[in-house]
Amino acid sequence: MGLSPFRRAGSLSKPAASNSSEPTGRSSSLKNRSVIFGLLAALFLFAIGCTKDGMSTWDAYGPVAQKQLDLFNVLLWVMVAVFFLVEGALLYAIIRYRKRPGQPKPPQIHGNTTLEVTLTIIPTILVLGLGIWSVFTLFDLQDPDPDGPTPLHVNVTAHQWWFEFEYPDAGNGKKIITANELRIPVDRPITLQLESDDVIHSFWVPKLAGKLDMVPTRKNNMWFQADSDKIDDELPVTLYGQCAELCGIAHALMRFRVTVMEQAGFDSWAAAYGPPPTNSAKAKAGQQLFAANCTLCHTIDGPDDPALSASRLTGFLTGGDITPVPAPNLTDLRTRSTLAAGIIDLSETSLRDWLRNPEDIKAGNYMSERAVLYQNGAASLTDEEIDALIGYLLDLP
Ligand SMILES: [Cu+2]
């Protein structure tokens, strides 16, 4: 009754010690060992959480992330100082003034104006100071410097469970839409408009900026920039991003990459953006298969010849009661390095595995859940068809 957890633990270990003739040292060395194990585990978690290569907020690559990090550092270290001062004073009082046997009750006092005023003023100054700093940082980071370089605008749409990137102005009138891999020029502000197509997601590239929610029917805006003088490695450099809002079964598998490149490299990527060429008979066959089986959900931009339109129509008509879902635009799949929202590297092999059974690679994804191909054994793709599709999508000889 009313036992503290410590008491209970103590009373549990007692019978064991008194039942046997084993020395009582055993249970305490066991306790020591689990304490050491716990500390090591905590240290390990702490250490892997801060790898500089991964998704570290401690490694700012641009002005937005840097200002947020500066603010975070001030908040953190002020809090740490307050914590140690308060806890230190508390521990000191507990130990120094503990009740000793035979000691008379100390004089009872009530109130101490000087102390109370001091302990009100110090926290007020701290809270106001940190609050004002936070608000200034907030306003400071609202928009990129209007006198700086012209920003590049990107519309980002979140889907369960992948990201869509649209560059309205980068293609000289050409529509550029891609998925899961955002390419950005270095030293230039990137303004992003974030939206969701289904549930709430959150956009997060820790080395560039803090998180921002992606909400259906609402457009949120943010910007960031990657600075060449903050990047030690040679460009292009790849940064990691991740959806940071629990959004369903494959939430943890909803990642993306940001590739920071020279403006010239970005321009040539944008200029080359377009559908895969169909020079070989195999690629042509792949294109027809794509039109018939995949365009219910996917798109590849390109000229529309009558044979393709016919395949697409057949695809729609035989789609049955399958609900189309938004799916990545695959126009530039061959220029990407990952598959299915950054889950695996893109290669002939991984694409083959994906087309055989997407579920094996990304549990819960809407391609295997909705496409007839994976729901009806009779409709599934043959190895030859998969080969043709891969040849087309990756522009293989
Ligand atoms: Cu998400």
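The axes of helix α6 (residues 281–293) and helix α12 (residues 383–393) come within 7 Å of each other and cross at roughly 100 degrees. Here axes are lines fitted to C-alpha atoms, for helices over the stretch in contact, and angles run from 0 to 180 degrees between N-to-C directions. This is a predicted model, in which local features need pLDDT of at least 70, side-chain atom pairs count only at pLDDT 80 or more, and totals for chains, interfaces and linings use all residues. Residues are numbered from 1 along each chain as its sequence is written. Helices (H or I, at least four residues) and strands (E, at least two) are DSSP runs, numbered from the N terminus.

| Helix pair | Angle between axes | Axis distance |
|---|---|---|
| α6 and α12 | roughly 100 degrees | within 7 Å |
| α8 and α12 | about 130 degrees | 10 Å |

α6 and α12 are therefore roughly perpendicular, while α8 and α12 are therefore oblique. In these terms, angles under 35 degrees count as roughly parallel, over 145 as roughly antiparallel, 65 to 115 as roughly perpendicular and the rest as oblique.

On the α6 side, Lys 282, Ala 283, Ala 285, Gly 286, Gln 287, Leu 289 and Phe 290 meet Glu 385, Ala 388, Leu 389, Gly 391, Tyr 392 and Leu 393 of α12; contact takes C-beta atoms, placed from the backbone, within 7 Å. By class, this contact of α6 with α12 has eight nonpolar, three polar and two charged residues. Ala, Val, Leu, Ile, Met, Phe, Trp, Tyr, Cys and Pro count as nonpolar, Asp, Glu, Lys and Arg as charged, and the others, Gly among them, as polar.

From α8, Glu 348, Leu 351, Arg 352, Leu 355 and Arg 356 meet Ile 386, Leu 389, Ile 390 and Leu 393 of α12. The contact of α8 with α12 divides into six nonpolar, no polar and three charged residues.

The buried residues of α12 are Ala 388, Leu 389, Ile 390, Gly 391, Tyr 392 and Leu 393, where buried means that 20 or more other C-beta atoms, placed from the backbone, lie within 10 Å of a residue's own. Their cover includes α6 and α8 (348–356). After α12 comes Asp 395, with a positive phi near 50 degrees.

Elsewhere, five strands form an open sheet with mixed pairing, in the order β3-β2-β1-β5-β8; strands pair if DSSP finds at least two bridges between them. Its edge strands are β3 (176–179) and β8 (220–224). Strand β2 (residues 162–167) runs antiparallel to β3, joined by four bridges, and Glu 166 stands opposite Ile 177 in β3.

Conventions
Contact = placed C-beta atoms within 7 Å. Buried ≥ 20, exposed ≤ 12 C-beta atoms within 10 Å, placed from the backbone.
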